[in-house]
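Have the structure open beside you as you read.

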Amino acid sequence: MSIEANLANIRKEISNNISLVAVSKTKPTSDILEAYSAGQRIFGENKIQEMVSKFEELPKDIKWHMIGHLQRNKVKYMAHFVDLIHGVDSLKTLKEINKQAQKHRRTIACLLQIKIATEDTKFGIPTDEVGALLMSDEFKSLENIQIKGFMGMASFTEDLDIVKTEFDVLKALYDQLSPIHDLNTLSMGMSGDYPLAIECGSNMVRVGSAIFGTRNYN
Ligand SMILES: *Cc1c(COP(=O)(O)O)cnc(C)c1O
């Protein structure tokens, strides 16, 4: 099926209050333009350099989301245009984003990546450390950062019971902390599990292969 048809099918499945991030990593700009022509405006990339070159080439009303693990020394290359950074999992990284945001006199919106998968290959902040981080004076001094919510990736498994349990953990944390910290974004769900993630309370899904087809790498 075409990119346009894939997008239309996904949009039919999800309600309007759910943000759809089209994950275009490794895909050519021609694919992104096809999705753009079909009305898609939010695109997700996991490598800063790749996102920067696509940003430079493509229409300026695209909202670029960085969904990958961040290399701190590359934050400066996207600080002037990135719309939302999903994968922030340390105070050190937040400080670097804050510093680069200050240089451009802007506030950069971020999601904290929370460790919900039981496998130990995944990045993220342990659930029991998130509250303390958000309350810390060091965090509060970062004036050019806005934490909008949380991002989580479930275990890489076919067992949807495990995935559901992990999504439920993240939703519970979000419900607990969102009234205190004014959060409004819960980013969970990918091609294989976004319907389940939405059932579990996600309001932002990151969908790649179900829109653009399978990737050869990444
Ligand atoms: C690649 C990626 C996705 C999209 O994966 P698909 O299975 O192709 O939908 C979502 N989130 C993150 C963090 C990714 O790296």
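How far does a backbone N or O atom of Ser209 lie from an oxygen atom of the ligand? In this predicted model, the backbone N or O atom of Ser209 lies 2.8 Å from that ligand oxygen.

**The ligand site**

| Residue | Protein side | Ligand atom | Distance |
|---|---|---|---|
| Arg206 | N or O atom in the side chain | nitrogen | 2.9 Å |
| Gly208 | polar backbone atom | oxygen | 2.8 Å |
| Ser209 | backbone N or O atom | oxygen | 2.8 Å |

On its own, the ligand has 380 Å² of accessible area, and the protein covers 89% of that. The residues around the ligand are Val23, Lys25, Ile67, Met151, Met153, Met190, Ser191, Arg206, Val207, Gly208, Ser209 and Arg215. By type, this shell divides into six nonpolar, three polar and three charged residues.

Now turn to the interior. In soluble globular proteins, nonpolar side chains tend to be buried together. Here the largest nonpolar core has 63 residues, and those with the most contacts inside it are Ile85, Leu94, Leu112 and Phe150. Helix 8 (residues 160-181) gives the most to this core, contributing six residues. Apart from that core lies another, of seven residues, among them Val21, Ile42, Leu84 and Met204.

Leaving out residues up to four places away in sequence, Leu112 touches His86, Val88, Leu94, Ile125, Val130, Leu133, Leu134, Ile147, Gly149, Phe150 and Met151. Met151 is also one of the residues around the ligand.

Which residues of helix 3 (residues 48-57) are buried? They are Ile48, Met51, Val52, Lys54 and Phe55. Their cover includes helix 2 (29-37), strand 2 (42-45), strand 3 (63-66) and helix 4 (75-78).

Thr185 sits in strand 8 (residues 185-188). Thr185 counts as buried because its relative accessibility is 9%, under the 20% cut-off. Beyond residues up to four places away in sequence, Thr185 touches Leu111, Lys148, Gly149, Phe150, Tyr174, Asn203 and Met204.

**A contact at Glu138**

Glu138 belongs to helix 7 (residues 137-140). With 41% relative accessibility, Glu138 counts as partly exposed. Setting aside residues up to four places away in sequence, Glu138 touches Leu91 and Lys95. Its side chain makes a polar contact of 2.6 Å with the side chain of Lys95. Leu91 is 47 residues from Glu138 along the chain, and the C-alpha atoms of the two are separated by 8.2 Å.

**Two loop residues with positive phi**

Most residues other than glycine have a negative phi. Arg105 is not a glycine, yet has a positive phi of about 50 degrees. You will find Arg105 in the loop between helix 5 (91-103) and strand 5 (108-115). Is Arg105 buried or exposed? At 80% relative accessibility, Arg105 counts as exposed.

Asp182, also not a glycine, has a positive phi of about 60 degrees. Asp182 lies in the loop between helix 8 and strand 8. Asp182 counts as exposed because its relative accessibility is 63%, over the 50% cut-off.

Notes: Residues numbered from 1 in each chain as written. Predicted model: local features only at pLDDT ≥ 70, side-chain atom pairs only at ≥ 80, totals over all residues. Heavy atoms only, no water. Helix = DSSP H or I, 4+ residues; strand = E, 2+ residues; numbered from the N terminus. Buried < 20%, exposed > 50% of the residue type's maximum accessible area, 1.4 Å probe, protein only. Contact = heavy atoms within 4.5 Å. Polar contact = N/O pair within 3.5 Å; in protein donor to acceptor, adjacent residues only side chain to side chain. Core = buried A, V, L, I, M, F, W, Y, C linked by side-chain atoms within 4.5 Å. Near = heavy atom within 4 Å. Areas by Shrake-Rupley, 256 points an atom, 1.4 Å probe, with all protein chains shown as cover. Nonpolar A, V, L, I, M, F, W, Y, C, P; charged D, E, K, R; others polar.
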